[in-house]
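Have the sequence and the model open while reading.

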Amino acid sequence: MERSKITRALSRDGGARIIFASTTSVVQKAHEIHNTSKTMTAALGRCLTGCALMGSLLKDKDNALTLQFMGDGPAGTICCVSDYKGNVRGYAQHPEVELPPNAKGKLDVGGAIGQGMLTVSKDLGLAEPYTGLSDLVSGEVAEDITNYYAVSEQTPTVCALGVRCDTDCSCVAAGGYLLQLLPGAEDWMIDILEKNVAKIPSVSAAVALPNAAENVIATLFDGIEYDLFDDWDIDYVCNCSRERYERALVTLGRDELARLRDEARADGRDIETVCSFCGKTYSFTADELDAILNGTGETEP
């Protein structure tokens, strides 16, 4: 399977940009980690792809973007995190959810996510992260991201996402794009872009073809001079570590941490923490919990 990749293009007059993400291997890795159903491979895959696209617009290597779909559908909350390069990780609260096809005969991602709120949080290295909110307009993900940019960032944007799944729920093709107007975009360009977007009725079909990035960008910029700006590989990357979970245990407070320590001693077993993003388990003995509780690195006698 080819590595996932982000490709960027810019119109020569600086009026519009396209960011394309090919994410088949990323989505397949997420499916393998979370054992997603067919519907949820598509739902989580779209969210991961959208998050990678949005994250790639961050400026600094220490920046991060968190995308949360908090709908009332059976999928529950879907959370994805991207770094500034578009490396991404994510999880769905209920990855096993499966639904019948929707009225169009497609995987019912909108039904799985439902109605609710989209939250975008950008950690830019400041005292507090920037957080933007918008309503979920369909639960289909791409439309919701398009709406977020219009409502929260006032940036004219078209987001299109697609995931194709096999009968075993695995991902065979995934990807999508952000098309954004930049300050100074002229009306003639807007008219051309609107017509060109309609030339790609199925993103799922487009991303399954060879040279998807180049072909989709060429179609969207048909009639507009442009340059392929750059491209790079991305992956499903989790940054969890034992040290991070130690710090997380401290935030539980002394009473809860003491309760867990006593429980571990009474039962003669370790306390396990599991990463929601990659499924890795970190175990802590009663003595280790005692050391964390005391903050000294030494256990009580």
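## A bridge to the start of the chain

D233 and R3 form a salt bridge, with their closest N and O atoms 3.2 Å apart. A salt bridge here is a side-chain nitrogen of Lys or Arg within 4 Å of a carboxyl oxygen of Asp or Glu. D233 sits in strand 10 (residues 226-234) and R3 in the segment before strand 1 (4-11), so the pair ties together parts 230 residues apart in sequence. Helices (H or I, at least four residues) and strands (E, at least two) are DSSP runs, numbered from the N terminus. D233 is partly exposed, at a relative accessible area of 41%. Buried means under 20% relative accessible area, exposed over 50%, and partly exposed in between (1.4 Å probe, protein chains only).

The model is predicted: local features need pLDDT of at least 70, side-chain atom pairs count only at pLDDT 80 or more, and totals for chains, interfaces and linings use all residues. Residues are numbered from 1 along each chain as its sequence is written, and side-chain values use heavy atoms, with hydrogens and water left out.

## Helix 9 against helix 10

Helix 9 (residues 254-267) packs with helix 10 (residues 286-294) at an angle of about 160°, their axes 8 Å apart. Axes are lines fitted to C-alpha atoms, for helices over the stretch in contact, and angles run from 0 to 180 degrees between N-to-C directions. The two helices are therefore roughly antiparallel (angles over 145 degrees).

On the helix 9 side, the contact residues are R254, L257, A258, L260, R261, A264 and R265. They meet A286, D287, L289, D290, I292, L293 and N294 in helix 10. Contact means heavy atoms within 4.5 Å. By class, the contact has eight nonpolar, one polar and five charged residues. Ala, Val, Leu, Ile, Met, Phe, Trp, Tyr, Cys and Pro count as nonpolar, Asp, Glu, Lys and Arg as charged, and the others, Gly among them, as polar.

R261 forms a salt bridge with D290, the closest N and O atoms lying 2.7 Å apart. This pair links helix 9 to helix 10 across 29 residues. Is R261 buried or exposed? R261 is buried, at 10% relative accessible area. D290 is buried too, at 0%.

R242 bridges to E288, with closest N and O atoms 3.0 Å apart. R242 lies in helix 8 (residues 242-250) and E288 in helix 10, so this pair ties together parts 46 residues apart in sequence. R242 is partly exposed at 25% relative accessibility, and E288 is partly exposed at 33%.

## The wider count

The structure holds 17 salt bridges.

Notes: Parallel < 35°, antiparallel > 145°, perpendicular 65-115°, else oblique.
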